[in-house]
Number of protein chains: 2
Amino acid sequence: MGTSSTGLSGTERTRVRRLPERAASDRQELYDVLDAGRICHLGVIVNGSPRVIPTGYGRQEDTLYLHGSTGATSLRGDEICVTVTHLDALVLARSLFHHSMNYRSAMIYGRPRTVTAHEEKLAGLRAVVEQLTPGRWDVARQPTRKEMAATTLLALPLAEASVKIRTGPPGDDEEDYALDVWAGELPIVSSYGAPVPDPRLRPGISCELPHSR
Amino acid sequence: MGTSSTGLSGTERTRVRRLPERAASDRQELYDVLDAGRICHLGVIVNGSPRVIPTGYGRQEDTLYLHGSTGATSLRGDEICVTVTHLDALVLARSLFHHSMNYRSAMIYGRPRTVTAHEEKLAGLRAVVEQLTPGRWDVARQPTRKEMAATTLLALPLAEASVKIRTGPPGDDEEDYALDVWAGELPIVSSYGAPVPDPRLRPGISCELPHSR
């Protein structure tokens with residue numbers, strides 16, 4: 001069993017027992033968690049209250065791009081928190097108390113900026129599309145100038161971030177290992193179901209599944 | 001294609017084109033989204049900044065119970081937002097602009113209270129355990145008095161909530177339906193992988209998969 005918490009920035013809220021020599025692998029860990037996700041949960045403050053919004057995102061090097069259509073009105077310059085979570089397995093212990101889950105989770109804090117430069121906006125949108133639906137950027141119709149203008153894209157630096165990962169079997173109390181209760185991990189697997197063609201799809205066009213990641 | 005947004009409470013932030021006669025089905029919709037989930041994303045404000053934490057939850061009638069060990073220090077009486085999201089399908093359009101996702105999402109706002117009464121705490125913990133690992137409450141060792149005391153359980157009334165659901169094919173621009181691009185829905189399916197027994201599991205104990213929901 002292992003639970004690792006990694007702060008990549010040294011601020012109070014992301015500093016978690018970090019050894020300097022782990023810095024490079026920590027950053028790779030952050031990339032891995034982000035790159036394996038499909039959607040994030042975006043935390044904002046609206047009229048003094050927290051709000052958590054599921055939305056699309058993409059990464060390019062050390063920038064996270066967010067599709068700003070959802071709740072974007074409140075995001076200009078304000079601090080946000082972006083969380084990406086993978087639930088990898090249910091962890092069944094012999095005692096209810098030690099039931100847990102194996103997961104990977106990344107949390108990023110910062111103030112997003114609105115992307116206005118055309119080149120960066122195109123690259124950022126590509127990252128967002130390819131994150132959710134890999135391989136589609138090159139096959140679908142490209143955005144028009146008007147569509148680009150109608151799309152808000154936010155950029156968040158991967159400057160203040162932390163990663164939490166739990167792996168392995170349950171950690172039961174010593175005396176409970178004698179119990180007649182099954183214990184272990186039950187992996188949760190995500191896969192694609194059979195594609196459902198658009199009712200208006202023209203005949204003779206086959207579906208290419210998005211690349212797996 | 002359909003996107004429905006449903007406010008169940010009539011406050012500004014959850015009021016979304018709601019017809020009074022839909023109230024009963026709206027509430028059932030909220031239950032359905034919550035009951036089908038495994039984890040939620042909990043939004044809190046810590047030192048003036050938003051924070052989004054993945055955590056376990058369970059529902060009993062019109063109360064949502066939250067396992068309070070994570071970030072619980074900041075939760076006493078403060079307003080929180082709990083979001084549960086299901087990503088049901090990738091929606092592949094002919095244009096990049098109309099790429100989307102089919103999802104169900106529930107958002108609940110409120111101020112949680114800490115559960116102290118023994119009976120309610122036991123029932124609430126049961127709801128949390130059964131939400132993540134259905135069927136385990138009756139087979140694993142019950143919590144001791146000490147374990148109960150070491151566990152913080154929060155209760156949030158399902159009073160102010162909204163549900164958003166998108167279903168169906170993409171909505172492409174009329175002229176794009178002539179394009180040679182596959183379009184439709186690609187369902188995302190979650191299933192259990194092969195159980196991984198705890199290395200210290202006693203011989204002769206077989207794994208019963210949690211009930212499906």
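Predicted model: local features only at pLDDT ≥ 70, side-chain atom pairs only at ≥ 80, totals over all residues.
1. **The fold of chain A.** Start with the parts list. Chain A has three helices and 11 strands. Read from the N terminus, its elements run β-α-β-β-β-β-β-β-α-α-β-β-β-β. Trace that order on the structure before going further. Chain A has 213 residues, and 41% of them are buried. Now look at contacts between residues at least 6 apart in sequence. Within chain A, 72% of these join residues at least 24 apart.

2. **How the two copies relate.** A turn of 180° with a shift of 0.0 Å along the axis does it, and the RMSD is 0.0 Å. The copies are thus related as by a two-fold rotation axis.

3. **The interface.** The contact takes 74 residues from chain A and 74 residues from chain B. In chain B, the elements that each supply at least two residues to the side touching chain A are β2 (39–46), β3 (49–60), β5, β6, α2 (118–132), β10 (184–192) and β11 (196–197). The largest share, nine residues, comes from β10(B). What kinds of residue make up that side of chain B? They divide into 45 nonpolar, 15 polar and 14 charged. Do the copies use the same surface or different ones? The same: 100% of the interface residues of chain B are also interface residues in chain A, so the copies meet through the same surface.

4. β11 of chain A, residues 196–197, pairs with β10(B). The sense is antiparallel, over two bridges. V196(A) belongs to β11 of chain A. Setting aside residues up to four places away in sequence, V196(A) touches G184(B), E185(B) and P187(B). Is V196(A) buried or partly exposed? V196(A) is partly exposed, because 17 other C-beta atoms lie within 10 Å of its own, and 20 or more are needed to count as buried. Within chain A, V196(A) and C207(A) are 11 residues apart in sequence, and their C-alpha atoms are 9.3 Å apart.

5. **Helix α2 of chain A.** Check the length. Helix α2 of chain A covers residues 118–132, which is 15 residues. At 1.5 Å a residue it should span 21 Å, and its end C-alpha atoms are 22 Å apart, which agrees. Its buried residues are K121(A), G124(A), L125(A), A127(A), V128(A), V129(A), Q131(A) and L132(A). What covers them? From chain A, the cover includes β3 (49–60), β4 (63–67), α3 (145–149) and β8 (153–157). From chain B, it includes β5 (80–92) and β6 (100–110).

6. **Helix α2 of chain B.** α2(B) has 15 residues and reaches 22 Å from its first C-alpha to its last, close to the 21 Å expected. Among its buried residues are K121(B), G124(B) and L125(B). The buried residues of α2(B) pack against β5 and β6 of chain A, together with β3, β4, α3 and β8 of chain B.

7. **Strand β2 of chain B.** β2(B) is mostly covered, with six of its eight residues buried. It runs antiparallel to β3(B), and eight bridges join them. One facing pair is I39(B) and G56(B), the latter in β3(B). The two strands form a hairpin with two residues between them. In that turn, N47(B) has a positive phi of about 50°. β2(B) also runs antiparallel to β5(B), joined by three bridges. There, H41(B) stands opposite T83(B) of β5(B).

8. **The nonpolar core.** The largest nonpolar core has 94 residues. Which residues have the most contacts inside it? They are V82(A), A106(A), I108(A), V82(B), A106(B) and I108(B). Take V82(A) as a worked case. Leaving aside neighbours within four places in sequence, V82(A) is in contact with C40(A), L42(A), Y57(A), L64(A), I108(A) and L156(A).

Conventions: Residues numbered from 1 in each chain as written. Chains lettered and ligands numbered in written order. Helix = DSSP H or I, 4+ residues; strand = E, 2+ residues; numbered from the N terminus. Expected span 1.5 Å × (residues − 1). Buried ≥ 20, exposed ≤ 12 C-beta atoms within 10 Å, placed from the backbone. Contact = placed C-beta atoms within 7 Å. Nonpolar A, V, L, I, M, F, W, Y, C, P; charged D, E, K, R; others polar. Pairing = 2+ DSSP bridges. Core = buried A, V, L, I, M, F, W, Y, C linked by C-beta atoms within 7 Å. Least-squares fit on C-alpha atoms with pLDDT ≥ 70 in both.
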